[in-house]
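Work through the exercises below with the sequence and the model in view. Try each task before reading its solution.

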Amino acid sequence: MPRAGLTALLSALLFIAACAPLSVPEPEPEPAQPRKDQLVLRPASFDDLPGWRADRHGEALQAFLRSCDKLLRRGSDAKLGGVIPGSVAAWRGACEAAGARDIGDHQAARFFFEDWFEPYSARNHDRERGLFTGYFEPELSGAKAPSDKYNIALYRRPGDLVTVSLGRFRDAFKGERIAGRVVDGALLPYPNRAKIDAGALAGQNLELVWVDSAVDAFFLHIQGSGRVQFQDGGARRIAYAAANGQPYLAIGRSLIAMGALTRENVSMQSIRTWLESHPGEAPAVMQENNSYIFFRWLDGAAADLGPEGAQGVALLAGRSLAVDRRFIGLGMPIWLDASAPDLDPSQPDRTIRRLMVSQDTGGAIRGPVRGDVFWGTGRDAGEIAGRMKHQGRYWLLLPRGLDVSALVN
């Protein structure tokens with residue numbers, strides 16, 4: 001372009017720029033990063049706990065005594081887990097005093113908790129409400145040997161499965177665990193559900209029992225324990241032994257994404273109905289949950305009391321709560337204020353305000369204000385647990401004098 005023409009063009013551009021509003025495009029804002037979960041405590045009084053005086057505290061004391069039996073057999077320096085400071089030593093006095101109380105005297109049990117503990121409102125940062133769900137002990141029909149009817153295996157823990165508590169190596173990973181197997185000196189992921197279903201464990205004599213329903217077996221994996229009723233009579237409790245370390249996926253999300261269910265009607269019952277009515281598609285959907293559970297028999301006196309939770313004690317229906325062990329230790333009394341479905345689906349939800357004890361955990365229980373209520377064994381318990389997906393809040397009851405100032409805000 002001739003110099004004169006270039007000069008004219010530049011002049012025109014400058015004139016246009018001068019007439020245009022002066023503005024610089026705003027950069028696209030970076031997406032907000034979700035805050036990392038954090039347990040925050042706020043001191044409270046027993047008068048702040050809604051419905052406190054109306055509870056049957058002796059039932060909670062019974063559950064607490066089961067936890068104490070476990071705690072008192074540990075060293076005084078042992079930690080309860082979670083982020084609550086203090087060791088078993090801080091709980092020893094309360095546990096020893098609990099043994100002298102009558103679980104049938106609810107008022108005396110209430111006085112015990114008021115004498116030995118202080119309540120703290122639990123929050124996730126400034127949010128006091130969280131999700132509360134339910135679980136139960138399923139009953140399965142089983143046999144000791146495979147047949148055309150009993151052809152679904154429940155496996156015992158494989159000998160090459162290695163479980164690692166990462167908190168032993170880095171404080172930042174406290175409460176986190178992984179699992180895998182060692183191959184050529186390296187820890188590698190363990191086979192997922194699809195690979196195990198395809199025969200990854202075949203030929204290792206790991207079959208513990210055979211059941212007649214893949215859907216029942218799948219829900220046993222979710223619940224973690226159950227009762228097997230044998231075809232030739234008798235029954236045995238089966239309990240959690242280990243997990244393959246693969247991530248847990250709630251397949252309700254998959255069914256919603258497929259359009260098979262809606263967010264409003266997804267529940268354990270609706271998921272089960274869909275799986276049983278779609279036998280051709282069900283295996284692939286269940287295999288989207290890579291997590292796989294291994295089991296063991298639960299025998300002896302404890303087997304007559306109830307299924308065993310992660311703390312290694314028999315769970316008590318309506319009084320045992322599964323929590324996120326990254327935040328809450330096992331064996332702690334917790335006052336729950338939430339709601340739950342009525343046994344009759346046509347009836348409105350009912351309020352549950354009761355003292356519970358943290359005695360279990362689960363792959364789907366994530367967050368400082370999150371809980372899973374154990375409802376008991378059998379169909380009725382499953383009806384309530386399967387439809388429970390409610391907001392609620394809780395208070396931790398911690399030993400008097402325990403220094404939790406680092407968590408108080």
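Contact means heavy atoms within 4.5 Å. Helices (H or I, at least four residues) and strands (E, at least two) are DSSP runs, numbered from the N terminus. Buried means under 20% relative accessible area, exposed over 50%, and partly exposed in between, with a 1.4 Å probe and protein chains only. The model is predicted, so local features need pLDDT of at least 70 and side-chain atom pairs count only at pLDDT 80 or more, while totals for chains, interfaces and linings use all residues. Residues are numbered from 1 along each chain as its sequence is written, and side-chain values use heavy atoms, with hydrogens and water left out.

**Exercise 1. The chain as a whole**

Task: Describe the secondary structure, the extent and the burial of the chain.

Solution. Step 1: the secondary structure comes to eleven helices and 17 strands. Step 2: the C-alpha trace spans about 105 × 60 × 55 Å along its principal axes. Step 3: of the 409 residues in the chain, 45% are buried. Step 4: take the contacts between residues at least 6 apart in sequence; 78% of them join residues at least 24 apart.

**Exercise 2. Helix 11**

Task: Which residues of helix 11 are buried, and against which elements do they pack?

Solution. Step 1: helix 11 covers residues 379-387, and its buried residues are Ala381, Gly382, Ile384, Ala385 and Gly386. Step 2: these buried residues pack against strand 3, helix 8 (268-277), strand 15 (350-360) and strand 16. Step 3: recall a general point about helices. An α-helix has 3.6 residues a turn, so residues three or four places apart point the same way.

**Exercise 3. Aromatic pairs**

Task: Classify the ring pairs Tyr135 with Phe374 and Tyr190 with Phe294.

Solution. Step 1: state the rule. Rings of Phe, Tyr and Trp (its six-membered ring) pair if their centres lie within 6.5 Å; planes under 30 degrees apart count as stacked, over 60 as edge-to-face and the rest as tilted. The structure holds 16 such pairs.

Step 2: for Tyr135 and Phe374 the centres are 5.4 Å apart and the planes stand at 55 degrees, so the pair is tilted. Tyr135 is in strand 3 (residues 130-137) and Phe374 in strand 16 (residues 371-377), 239 residues apart, and the pair links distant parts of the chain. Tyr135 is buried at 6% relative accessibility, and Phe374 is buried at 3%.

Step 3: for Tyr190 and Phe294 the centres are 6.2 Å apart and the planes stand at 85 degrees, so this pair is edge-to-face. Tyr190 is in the loop between strand 8 (186-189) and helix 5 (193-197), whereas Phe294 is in strand 12 (residues 293-298), 104 residues apart. Both are buried: Tyr190 has a relative accessible area of 1%, and Phe294 has 0%.

Step 4: look for a charge over a ring, that is, NZ of Lys or CZ of Arg within 6 Å of the ring centre and within 35 degrees of the ring normal. Arg181 lies over the face of Tyr190, at 5.1 Å from the ring centre. Lys144 lies over the face of Phe230, at 5.4 Å.

**Exercise 4. The disulfide**

Task: Which cysteines are joined by a disulfide, and what is its handedness?

Solution. Step 1: a disulfide is a pair of cysteine sulfur atoms within 2.5 Å. Step 2: the structure holds one, joining Cys68 to Cys95 with an S to S distance of 2.2 Å. Step 3: the torsion about the S-S bond of Cys68 and Cys95 is about -75 degrees, so the disulfide is left-handed. Step 4: Cys68 is in helix 2 (residues 57-71) and Cys95 in helix 3 (residues 89-98), 27 residues apart. Cys68 and Cys95 are buried.

**Exercise 5. The nonpolar core**

Task: Which residues have the most contacts inside the largest nonpolar core?

Solution. Step 1: a nonpolar core is a set of buried Ala, Val, Leu, Ile, Met, Phe, Trp, Tyr and Cys residues joined through side-chain atoms within 4.5 Å. Step 2: the largest such core has 73 residues, and those with the most contacts inside it are Leu41, Phe64, Ile84, Phe113, Leu275, Leu396 and Leu398. Step 3: helix 2 gives the largest share of this core, six residues. Step 4: leaving aside neighbours within four places in sequence, Ile84 is in contact with residues including Leu39, Leu41, Phe327 and Leu396.
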